[in-house]
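The sequence and the structure are shown first.

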Amino acid sequence: MKGVLTTLAGAYAALAFCTWALCQAWGIPFYYLGVLWVAVTGITLFLFAYALERKQPKAFVWVILGGGMLRMLLGVATIVLPLSLRQPEGYRAQALQFAALFFVATLFETWVAVKRANSLQ
């Protein structure tokens, strides 16, 4: 478990740095709240999946799948929708930045989850 969480934390840090660097190059504001949201919910999802797996074997994959879907809906409801309604300066860039960051993070998390599920079998 420690190795997976360390891998995720490192990936989130690298993703945050790459996003920041791209935002600086393109001259758009860096949406740090989106990066923080993705990292906290991703690590929380994996911790919950590990905790549930102790009680119910093979629950890890289902928690990651169901939790990922719930997390996607919560991301739209708590990040993208309020940005669209409030419309601060640069909100389109921030919403697109969050969506792209979330997509890349989800791809990496799926790879980690599949790798973990294959090691259990």
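A residue counts as buried when its relative accessible area is under 20%. The model discussed here is predicted. Thr19 has a relative accessible area of 12%, which is under 20%, and is therefore buried. This residue belongs to helix H1, which covers residues 2-26. Leaving aside residues up to four places away in sequence, Thr19 is in contact with Phe30, Gln97 and Leu101.

**Helix H1**

Besides Thr19, the buried residues of H1 include Val4, Leu5, Leu8, Ala11, Tyr12, Leu15, Ala16 and Cys23. In an α-helix, residues three or four places apart point the same way, because there are 3.6 residues a turn. The length of H1 agrees with expectation: at 1.5 Å a residue, its 25 residues should span 36 Å, and its end C-alpha atoms are 36 Å apart. After H1 comes Gly27, which has a positive phi, near 75°.

**The largest pocket**

The largest pocket holds about 350 Å³ of space. Its lining consists of 18 residues, and those closest to the centre are Ile64, Leu65, Gly68, Thr106 and Thr110. At least two lining residues come from each of helix H2 (32-55), helix H3 (60-86) and helix H4 (91-120). The greatest contribution is that of H4, with nine residues. The lining divides by class as follows.

| Class | Residues in the lining of the largest pocket |
|---|---|
| Nonpolar | 13 residues |
| Polar | three residues |

Definitions and conventions. Residues numbered from 1 in each chain as written. Predicted model: local features only at pLDDT ≥ 70, side-chain atom pairs only at ≥ 80, totals over all residues. Heavy atoms only, no water. Helix = DSSP H or I, 4+ residues; strand = E, 2+ residues; numbered from the N terminus. Buried < 20%, exposed > 50% of the residue type's maximum accessible area, 1.4 Å probe, protein only. Contact = heavy atoms within 4.5 Å. 1 Å grid on protein atoms, 1.4 Å probe; cavity = no way out; pocket = protein on both sides within 12 Å on 5 of 7 lines; lining within 4 Å. Points joined across faces, edges and corners; volume = space filled by probe spheres on them. Nonpolar A, V, L, I, M, F, W, Y, C, P; charged D, E, K, R; others polar. Expected span 1.5 Å × (residues − 1).
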